[in-house]
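Hi,

Here is the structure I promised to pass on to you. Have a look at it first, and then read my notes below.

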Amino acid sequence: MSEGTLYDTVWNRHKVTTLPTGQDQLFIGLHLIHEVTSPQAFGMLRERDLEVAFPKLTHATVDHIVPTADQSRPYKEDAAEEMMAELEENVREAGIDFSDPTSGDQGIVHVIGPEQGLTQPGKTIVCGDSHTSTHGAFGALAFGIGTSQIRDVLATGTVAMEKQKVRKIQVDGELGEGVEAKDIILEIIRRLGTEGGVGYVYEYAGEAIENLGMEGRMSICNMSIEGGARAGYVNPDETTYEWLEQTDYFQDNPEKFDELKPYWESIRSDEDAEYDDVVTIDANELEPVVTWGTTPGQGVGVTEPIPAPEELPEEKQDTARRAQEHMRVEPGETMEGYDIDVAFLGSCTNARLPDLRRAAEIIDGRQVDDDVRALVVPGSQRVQHTAEEEGLKDTFEEAGFEWRNAGCSMCLGMNEDQLEGDEASASSSNRNFVGRQGSKDGRTVLMNPQMVAAAAVTGEVTDVRELKEVTTA
Amino acid sequence: MSREDEHREASERASGRTPASSDAEVREIRTDGGDDVEIPEVDYVSGSGIPIRGNDIDTDQIIPARFMKVVTFDGLGEFAFFDLRFDDDDNQKDHPMNEERFQGSSVMVVNSNFGCGSSREHAPQALMRWGIDAIIGESFAEIFAGNCLALGIPTVTADSETIQDLQAWVDENPDAEIDIDVEAEEVTYGEQTIDVTVDEAQRKALVDGVWDTTALMKSNAGEVRKKAQELPYVDDAAIPEAE
């Protein structure tokens with residue numbers, strides 16, 4: 001068992017008691033809720049005549065179903081309007097703060113928590129959303145829960161859990177041009193597998209991680225779940241504290257910053273912490289990674305050949321065969337040149353300001369290919385607002401991108417933004433499952449935001465490093 | 001009217017908070033208001049099997065996101081594995097859940113990393129409402145297994161070869177019973193009994209009938225308050241007065 005890690009420390013600090021099942025009852029410091037997975041939980045509370053135990057430790061936003069084009073109420077789609085209305089009523093009844101679209105603070109739940117300073121080191125954070133692992137970037141213990149557990153957290157402020165093992169993923173070296181945090185995590189999932197992290201929490205460490213800004217760390221922690229790990233985290237450091245200091249919470253309560261910093265320092269993993277497993281990755285060797293299949297683990301360097309199913313471990317062969325049939329790719333070829341119909345720049349993985357800035361640099365002075373439908377969906381209203389002020393909106397629109405309002409959008413196709421028929425998308429999101437982007441025949445190629453920009457321009461999967469050479473030549 | 005349209009209608013009905021449900025009988029948690037919740041013990045599950053083959057079957061396949069635009073779980077049963085069961089014109093595709101011989105099955109037999117991806121409880125809810133009471137597989141994604149436990153659905157595991165043998169047996173014996181002894185960690189089918197693994201906490205929770213943890217954890221409210229007061233980041237104003 002691990003000892004002396006951030007995970008151990010934060011767990012122990014939040015453990016209320018051990019339940020008769022052997023699970024621990026953990027206190028939850030921040031409960032984020034959204035419109036899709038919470039209404040049934042509020043319904044269960046009503047059935048049992050229970051109230052929300054800690055409304056002030058609960059925060060709501062709307063992201064999954066919110067339209068990103070016309071947001072006037074009532075929403076055009078009845079089901080979306082109904083879900084929004086239900087959430088509004090639930091938060092009003094319980095007295096829960098709600099970053100709704102009229103507030104200017106709305107956005108994807110995993111973008112707004114960090115923006116507002118709700119996400120802090122050493123907190124336990126849950127949300128009915130598997131990408132809650134994102135908040136681990138701040139040294140929080142953050143994980144996704146199901147609706148029955150949402151009921152538990154609403155009613156008791158706690159959750160029942162078993163402690164997991166800790167795997168340290170040490171990423172040494174430096175990232176090359178065109179290679180990003182997204183490529184690190186896609187590489188980790190490719191190597192360790194989509195179920196490699198089951199039973200583990202991932203601690204991301206090493207020079208390449210420390211050199212990332214908070215946004216990059218969030219992209220990595222975000223996709224921990226794609227590797228089977230329910231939570232992932234980075235130890236807090238000066239980069240973390242600089243971010244926190246600028247957030248609403250600490251701007252409004254500056255004394256809290258000095259008060260809490262010793263706590264944040266105290267939870268960092270010890271130098272001699274014990275891990276259940278350690279994996280090392282060399283960032284110098286990485287190139288932009290793209291997926292060729294229908295799980296996030298089916299990735300390949302952009303210049304590398306797509307593997308033949310029979311080269312893979314036996315248990316992966318069948319899935320690979322079906323994936324290659326769905327995606328219509330051939331083993332031995334590279335993904336370069338794969339035709340793209342849609343370019344989607346968005347999601348809780350890669351729709352923060354630096355993601356949009358890097359993509360805009362590629363787009364600047366270029367045009368979206370005639371056969372490509374391209375859209376930018378900022379992760380939050382604040383990202384959107386700042387990007388507009390910086391002129392990024394103009395850059396994208398002049399190139400032929402649609403500039404949308406904040407939400408989850410085409411990452412999971414719960415609003416109007418969906419793939420049609422067998423369209424192929426170059427997507428900065430996190431899942432390439434069959435049907436994920438709204439069409440069961442749709443094809444998703446996951447990649448970093450610069451690569452999405454490159455694909456939008458050329459109409460096919462493109463090594464962004466080559467486009468960059470053209471620019472600088 | 002297509003199935004999807006029917007669903008939309010059902011969802012509209014649900015908005016009145018009085019949904020009409022055509023679901024299979026689900027494991028009812030009886031509530032008498034307050035904390036008096038009766039939670040059944042799930043030490044033994046038995047029923048005929050249905051094999052769902054393939055590794056990494058994600059929750060988007062189990063319940064596509066477009067069916068989640070609802071505020072209750074009622075009615076999700078008929079949309080389980082929808083895109084694998086129906087084509088664009090609502091014609092049935094080849095899928096075990098469409099086969100006559102597996103109607104009425106309640107023990108699903110799956111392969112590895114079943115239920116990966118999204119945390120949506122809609123996935124096990126849809127399976128439960130289709131009629132599934134227990135799942136036997138090579139391995140399960142963590143959040144999915146946790147969601148199943150919260151519904152009293154055991155997720156028991158065995159090695160790849162054992163599972164494939166069981167899937168083959170179910171194909172040949174679609175009406176025969178599979179008996180899962182959760183406490184003894186044994187599955188009996190036909191003439192044989194195999195050892196399976198049930199996660200320790202899951203086993204205790206199911207067998208002792210404490211898988212619905214709300215009331216149990218609420219009974220520790222005093223200690224929870226104390227914990228909140230101890231943690232440096234919890235503002236005093238966020239801790240409600242004791243009841």
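**What I found**

Chain A has 17 helices and 19 strands in its secondary structure. Its radius of gyration is 21 Å, close to the 23 Å that the globule rule gives for 473 residues, so chain A is as compact as a globular protein of that length. Please keep in mind that this is a predicted model.

Along the principal axes, the C-alpha atoms of chain A fill a box of roughly 55 × 55 × 45 Å. Of the 473 residues, 62% count as buried. If you look at contacts between residues at least 6 apart in sequence, 77% of them join residues at least 24 apart.

Next, the domains. Chain A splits into domain 1 (6-267) and domain 2 (290-472), and their C-alpha centres lie 24 Å apart. Where they touch, 36 residues of domain 1 are in contact with 36 residues of domain 2. On the domain 1 side, α4 (109-116), α6 (181-192) and α8 (214-222) of chain A each supply at least two residues. The most comes from α6(A), with 5 residues. That side of domain 1 divides into 11 nonpolar, 15 polar and 10 charged residues.

At 1.5 Å a residue, the 17 residues of α3 (residues 78-94) of chain A should span 24 Å, and the end C-alpha atoms are 24 Å apart, which agrees. Buried residues of α3(A) include A79(A), M83(A), L87(A) and V91(A). Just after α3(A), G95(A) takes a positive phi of about 75 degrees.

Enjoy exploring!

Terms used. Residues numbered from 1 in each chain as written. Chains lettered and ligands numbered in written order. Predicted model: local features only at pLDDT ≥ 70, side-chain atom pairs only at ≥ 80, totals over all residues. Helix = DSSP H or I, 4+ residues; strand = E, 2+ residues; numbered from the N terminus. Expected span 1.5 Å × (residues − 1). Buried ≥ 20, exposed ≤ 12 C-beta atoms within 10 Å, placed from the backbone. Domains from an automatic or database assignment. Contact = placed C-beta atoms within 7 Å. Nonpolar A, V, L, I, M, F, W, Y, C, P; charged D, E, K, R; others polar. Rg over C-alpha atoms; globule rule 2.2 N^0.38 Å.
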